[in-house]
Amino acid sequence: MTCPPDAMAPEAMQAEVAALCAQARHGANTLYGALLRENILGAIACSFPEFSRKAGEMSLNAAVDLFVASHPAHLPQFHQIASEFVLFAQGGGVASARLPVMEYEWVLLDAEIDPAAVVLPDAGSVNELDLTLNPTLRLIMLPFDVTLPDWPALGDDHEARPHAVWRNAAHGVVTRVLSRTDCLMIDRLRQSGPLSCAALAWASAPDLPDNVPAWVHAALADDLLCLAHPKEAQS
Amino acid sequence: MRPLGASARGIGLRAELVEALCNQPRRADFDFLEIAPENWMGLGGRKRDQLDRIATLYPLVAHGLSLSVGDTQPLNTEYLCDLRHFLDEYGIMLHSDHLSLSRDGTGYLYDLLPVPRREDNLDYLAARIDRVQQATGRRLVLENISAYHDFPGQMPEGAFIAALAQRSGCGILLDINNAYVNAHNHGEDALDFIAALPSDAIAYYHIAGHLELDDGRLLDTHGMPVADGVVALGQQVWALHGARPLLLERDNRLPPLDALAGELAQVHQAMAAQVFHDLPA
């Protein structure tokens with residue numbers, strides 16, 4: 001959209017607005033300061049429940065206070081508070097040990113609302129159609145075990161493990177710990193774009209002793225992979 | 001979308017209500033739904049499907065939170081572009097937001113702060129409203145917010161909003177609860193504010209509940225039933241400016257849908273009944 005440049009606000013208005021906003025940002029005890037912090041805390045608790053629980057009230061309040069005082073949020077929507085808080089945390093606003101939990105919860109949300117459609121083709125079989133990665137797929141390394149309650153940290157002798165998160169055709173959000181085979185197959189498809197099953201098997205043959213069609217079958221069953229008509233996949 | 005009738009009644013579409021609304025036939029106890037466009041713009045998945053379904057059942061009006069028309073930064077054209085796309089997609093003609101600011105030189109603040117009501121600021125604000133209207137292709141309707149800060153020496157709120165509507169051609173969303181809360185908190189007469197507004201610019205009404213703080217101030221929480229005093233003020237609004245679509249706002253401590261619709265019917269009936277009561281025999 002092309003717009004002419006904005007007019008400048010009158011100087012007195014600029015000064016009054018800046019002073020009121022500064023009061024809200026830095027005055028946690030003022031009414032607007034308190035309301036702002038309450039809004040942010042509510043959004044964080046709703047978007048990142050596990051992170052909020054693990055961080056504890058005091059540390060969360062301190063992080064929110066710093067966020068309100070200093071974070072240059074550029075996304076206007078209130079529901080983007082979560083995205084802005086992740087940026088703030090990644091910039092050092094939250095203890096680094098807690099960051100992966102927040103990032104994972106954000107990825108879950110992000111996959112859930114991804115505008116891409118996860119559609120099943122009306123007709124056609126795996127032999128006639130191309131394989132594509134689910135358009136909502138996100139990959140993330142996690143140093144904790146999401147399959148157990150409270151997501152306990154992996155021991156010191158364990159490295160973070162790769163996970164895939166995606167939304168299936170029924171709108172459920174799925175998380176899977178990735179095996180070496182999963183990683184290789186996903187990597188192939190990310191590099192190549194849509195491929196027929198035969199082409200994927202051929203491209204994977206040097207590295208993968210596993211049965212590619214069986215892997216494809218399982219990945220299609222849980223919508224990690226989608227099918228598309230070759231023309232559609234190329235467009 | 002067909003324009004709403006003057007006696008139309010609506011509720012806000014909260015996440016908690018979505019499932020129930022999707023799984024029922026169209027209800028007869030309200031006529032339209034108000035949505036915060038920011039909560040739906042650019043979303044896919046279940047939420048998108050649910051909104052598509054709801055849009056087939058009810059007329060939608062959009063009530064934004066993020067415009068920040070009263071700040072002193074350049075307008076967010078990316079947001080306006082996304083907004084127009086969304087409004088066009090769902091055929092939403094009535095677009096409202098707040099006469100407020102949510103941003104300073106650092107960034108967004110995620111709350112609605114008041115604009116200094118000065119004669120000198122009117123041209124600046126009217127020009128911004130005009131740009132918003134051009135960008136969205138619709139008249140912008142602005143709501144009077146509840147304000148917890150007084151800039152010294154301001155114009156009366158009614159006169160300021162009336163002047164802004166006259167200069168910019170914007171509509172007014174008269175929030176009756178906010179008028180009540182402001183009058184109480186700032187020691188003013190809510191009727192002075194209401195009487196100063198031009199009837200023909202008022203597009204619709206909001207009504208809501210508030211909370212009384214320990215220090216006696218009122219806070220616009222949308223978390224309580226509508227207070228009797230606010231309903232009484234609503235009756236005076238209706239008598240003065242006439243019937244308009246009425247929207248019951250409830251964002252916190254949400255009752256079940258039936259109870260919410262029941263409260264809406266009760267408030268609407270009370271406001272309308274007063275007008276009929278006042279009519280000459």
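How many bridges pair strand S1 (residues 130-133) of chain A with S6(A), and in which sense? I began my notes here. S1(A) and S6(A) pair over four bridges, in the antiparallel sense.

**Basis.** I am working from a predicted model, in which local features need pLDDT of at least 70, side-chain atom pairs count only at pLDDT 80 or more, and totals for chains, interfaces and linings use all residues. Residues are numbered from 1 along each chain as its sequence is written, while chains are lettered from A and ligands numbered from 1 in the order in which they are written.

**Entry 1, sheet in chain A.** I took helices (H or I, at least four residues) and strands (E, at least two) as DSSP runs, numbered from the N terminus. Two strands count as paired if DSSP finds at least two bridges between them. I followed S1(A) into an open sheet of three strands, ordered S5-S1-S6, with antiparallel pairing. Strand S5 (195-196) and strand S6 (225-228) of chain A are at the edges with a single partner strand each, so one side of each has no neighbour in the sheet. I also looked up A:Thr132, whose bridge partner in S6(A) is A:Cys226.

**Entry 2, hairpin in chain A.** I found strand S3 (residues 161-167) and strand S4 (residues 173-177) of chain A paired in the antiparallel sense over five bridges. A:Trp166 is opposite A:Val174 in S4(A). The two strands form a hairpin with five residues between them, and A:His171 in the turn has a positive phi of about 75 degrees.

I noted that the axes of helix H5 (residues 81-93) and helix H6 (residues 99-113) of chain A come within 10 Å and cross at roughly 155 degrees. That makes H5(A) roughly antiparallel to H6(A). Axes are lines fitted to C-alpha atoms, for helices over the stretch in contact, with angles from 0 to 180 degrees between N-to-C directions. Angles under 35 degrees count as roughly parallel, over 145 as roughly antiparallel, 65 to 115 as roughly perpendicular and the rest as oblique. The crossing is left-handed (near helix turned anticlockwise from the far one by less than a right angle; clockwise is right-handed). From H5(A), I listed A:Ala82, A:Val86, A:Ala89 and A:Gln90, which meet A:Leu99, A:Met102, A:Glu103, A:Trp106 and A:Leu109 of H6(A). Contact here requires C-beta atoms, placed from the backbone, to lie within 7 Å.

I found that the axes of H4(B) and helix H5 (residues 157-168) of chain B come within 9 Å and cross at roughly 50 degrees. That makes H4(B) oblique to H5(B). The crossing is right-handed. H4(B) brings B:Leu122, B:Leu125, B:Ala126, B:Ile129 and B:Asp130 to the contact, and H5(B) brings B:Ala163, B:Leu164, B:Arg167 and B:Ser168.

I counted nine helices and 12 strands in chain B. Its radius of gyration is 18 Å, close to the 19 Å from the globule rule for 281 residues, so chain B is as compact as a globular protein of that length. The radius is taken over C-alpha atoms, and the rule is 2.2 Å times the number of residues to the power 0.38.

I found 41 residues of chain B in contact with 39 residues of chain A. On the chain B side, helix H2 (45-57), helix H3 (77-89), strand S6 (108-113) and helix H4 (119-136) each give two or more residues. H4(B) provides the largest share, six residues.

Technical notes. Two residues are in contact if their C-beta atoms, placed from the backbone, lie within 7 Å.
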